[in-house]
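Me: I'm new to this structure and I'd like a close look at just one part of it. Could you walk me through how the helices pack against each other?

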Amino acid sequence: MGLCSSKQSDEVAKEPEVKEAEKVEEEVPKEDEPKKAEEEPVEKEEEPKEAEAEPTSEEEVVQCAKVWLGQIIGPGGSTLKELQESTGANIDVGQGEEDPVSITITGSPDAVLAAKQKIEAIIKEAENPDYEGEEGKKWREEADMCAKKAEECAKEKDALFDSGDKAGGHAKLAEVKEWQKKMHEANDKAAEAI
């Protein structure tokens, strides 16, 4: 039947009000809840970047006799360019008539050290070239040893001839010739190796 008791009608009438009140409570944040940040986006402050350490620049000056400068520069500047590329250092070769010439190396400490060591090695090699190499050196030492043995035998041969021992002198002479032959063979092998 379409009639309702007054108690029921009061409850029905109150029901929409309660629902409206619940909606309002949902929209208003409670004090212990964090507020929603929907209205305005908050821009985050950029974190301060750590100061990037600038690489310290270092400078070294190497003195080079003018006669060896071509070894540092190389044909068409190729050696100098390779030194700069391989070490990362800037290398400035002094100009003018001064002897020795100042070579200024600048860059990071590691780059300067590497360039300085390479330049000093080039100068050292130019001043004291190693024409022999390992194999050539071995054969040169062998030839030198044979030459000393031949010289010792030659002195003994002379003493034997001087004392009148011609047979002993001739035997020592044959020994001298054998040592000289070995010396020439060792020199030939050294020359091939070099």
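Reply: Let's start with helix H5 (residues 133–162) and helix H6 (residues 166–193): their axes come within 8 Å and cross at roughly 165°. Keep in mind that this is a predicted model. Angles over 145 degrees count as roughly antiparallel, and therefore H5 and H6 are roughly antiparallel to each other. As for handedness, H5 and H6 make a left-handed crossing. Sort the residues of the H5 and H6 contact by class and you get 17 nonpolar, 11 charged and 6 polar.

Now hop back along the chain to another pair. Helix H3 (residues 78–87) packs with helix H4 (residues 109–127) at an angle of about 145°, and the two axes are 9 Å apart. Here the crossing is right-handed. On the H3 side, the contact is made by Thr-79, Leu-83, Ser-86 and Thr-87, while H4 brings in Ala-111, Ala-114, Ala-115, Lys-118, Ile-119 and Ile-122. By class, that contact of H3 with H4 comes to 6 nonpolar residues, 3 polar and 1 charged.

To put these pairs in context, the chain has 6 helices and 3 strands, and along the sequence they follow the pattern α-β-α-α-β-β-α-α-α. Of the chain's 194 residues, 19% count as buried. The chain exposes about 15700 Å², with carbon and sulfur atoms supplying 50% of that. And if you take the contacts with a separation of 6 or more, residues 24 or more positions apart account for 64% of them.

Technical notes
Residues are numbered from 1 along each chain as its sequence is written. This is a predicted model: local features need pLDDT of at least 70, side-chain atom pairs count only at pLDDT 80 or more; totals for chains, interfaces and linings use all residues. Side-chain values use heavy atoms; hydrogens and water are left out. Axes are lines fitted to C-alpha atoms, for helices over the stretch in contact, and angles run from 0 to 180 degrees between N-to-C directions. Helices (H or I, at least four residues) and strands (E, at least two) are DSSP runs, numbered from the N terminus. Angles under 35 degrees count as roughly parallel, over 145 as roughly antiparallel, 65 to 115 as roughly perpendicular and the rest as oblique. A crossing is left-handed if the near helix is turned anticlockwise from the far one by less than a right angle, and right-handed if clockwise. Ala, Val, Leu, Ile, Met, Phe, Trp, Tyr, Cys and Pro count as nonpolar, Asp, Glu, Lys and Arg as charged, and the others, Gly among them, as polar. Contact means heavy atoms within 4.5 Å. Buried means under 20% relative accessible area, exposed over 50%, partly exposed in between (1.4 Å probe, protein chains only). Accessible areas come from the Shrake-Rupley method with a 1.4 Å probe; for residues, only the protein chains shown count as cover.
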